[in-house]
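Look through the sequence and the structure below, then work the exercises in order. Each task is followed by its solution.

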Amino acid sequence: MAANRQPADYLPARRNWLGGTLSVAGWLVLPLPLKGLAATTHEIVISSLVFAPQQISARAGDRVTWRNDDIVPHTATATDHSWDTGIIEPGQQITLEIPAGAGAGAGAGATYYCLYHPSMKGGFAEHRYKPVFSAGLF
Ligand SMILES: [Cu+2]
C-alpha cells in the first residue's frame, strides 16, 4: 500500500529543485544581457577629406574616436552645433563619450560635418542616438 503522502512531504524537495534551477539560470542567463549592453568604442578614420565609416551605429554609453590621418586639421561638429570635437590636428585623435542618458532621436545632432570642409559629412545611423557629447574628452 502506497504511503498516504501529505503535500508537506515533497514540498521542501520541490522548493529545493526550483531554487537550484533559478540559481543556475541566474548564472547562465544574467551575464548575457549585460554583455549585450557593454559599451563599444567606434573608430572613425579621417583620410582624404572623408570620414570612414561615414555612418556608425552607436548607442548611449558608447565612445567614438575620430583619428585624423590627413595632413590638415579637421573637426567633427554636430549639424545643430550641439556637440563638437574641437580641432583634430593631423596625426591626432579625439574620443568623445555618448552619455549613458543620451536620448534617441533623428535630430540634426545625429549628423555632423567638418567646420573647415563642410562637404565632409558623417552621421549616426540605425539607432540614431543624438550624441550629447559634453566635455567627454579622453
Ligand atoms: Cu576637415
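This is a predicted model: local features need pLDDT of at least 70, side-chain atom pairs count only at pLDDT 80 or more; totals for chains, interfaces and linings use all residues.

Residues are numbered from 1 along each chain as its sequence is written.

**Exercise 1.** List the elements of the protein chain from the N terminus on.

Solution. Helices (H or I, at least four residues) and strands (E, at least two) are DSSP runs, numbered from the N terminus. The protein chain has two helices and eight strands. Their order is α-α-β-β-β-β-β-β-β-β.

**Exercise 2.** Find how β4 is joined to β1 and to β6.

Solution. Two strands pair if DSSP finds at least two bridges between them. Step one: β1 and β4 run parallel and are joined by six bridges. Within this pairing, Val45 has Arg67 in β4 as its bridge partner. Step two: β4 and β6 run antiparallel, with five bridges. Here Thr65 has Thr95 in β6 as its bridge partner.

**Exercise 3.** Sort the residues of β4 into a covered and an uncovered face.

Solution. In a regular strand the side chains alternate between the two faces of the sheet. In β4, Val64, Trp66 and Asn68 form the covered face. The uncovered face holds Arg63, Thr65 and Arg67.

**Exercise 4.** Identify the residues that touch the most other members of the largest nonpolar core.

Solution. A nonpolar core is a set of buried Ala, Val, Leu, Ile, Met, Phe, Trp, Tyr and Cys residues joined through C-beta atoms within 7 Å. A residue is buried if 20 or more other C-beta atoms lie within 10 Å of its own, exposed if 12 or fewer, and partly exposed in between, with C-beta atoms placed from the backbone. The core has 15 residues, and Ile44, Ile46, Ala58, Val64, Trp66 and Ala76 touch the most other members. Two or more residues come from each of β1 (41–47), β4 (63–68) and β6 (93–97).

**Exercise 5.** Is Ser47 buried or exposed, and which residues does Ser47 touch, not counting residues up to four places away in sequence?

Solution. Ser47 lies in strand β1. Ser47 is exposed because 11 other C-beta atoms lie within 10 Å. Two residues are in contact if their C-beta atoms, placed from the backbone, lie within 7 Å. Leaving out residues up to four places away in sequence, Ser47 touches Ala52, Asp69 and Asp70. Ser47 and Asp70 are 23 residues apart in sequence, yet 5.2 Å apart in space, C-alpha to C-alpha.
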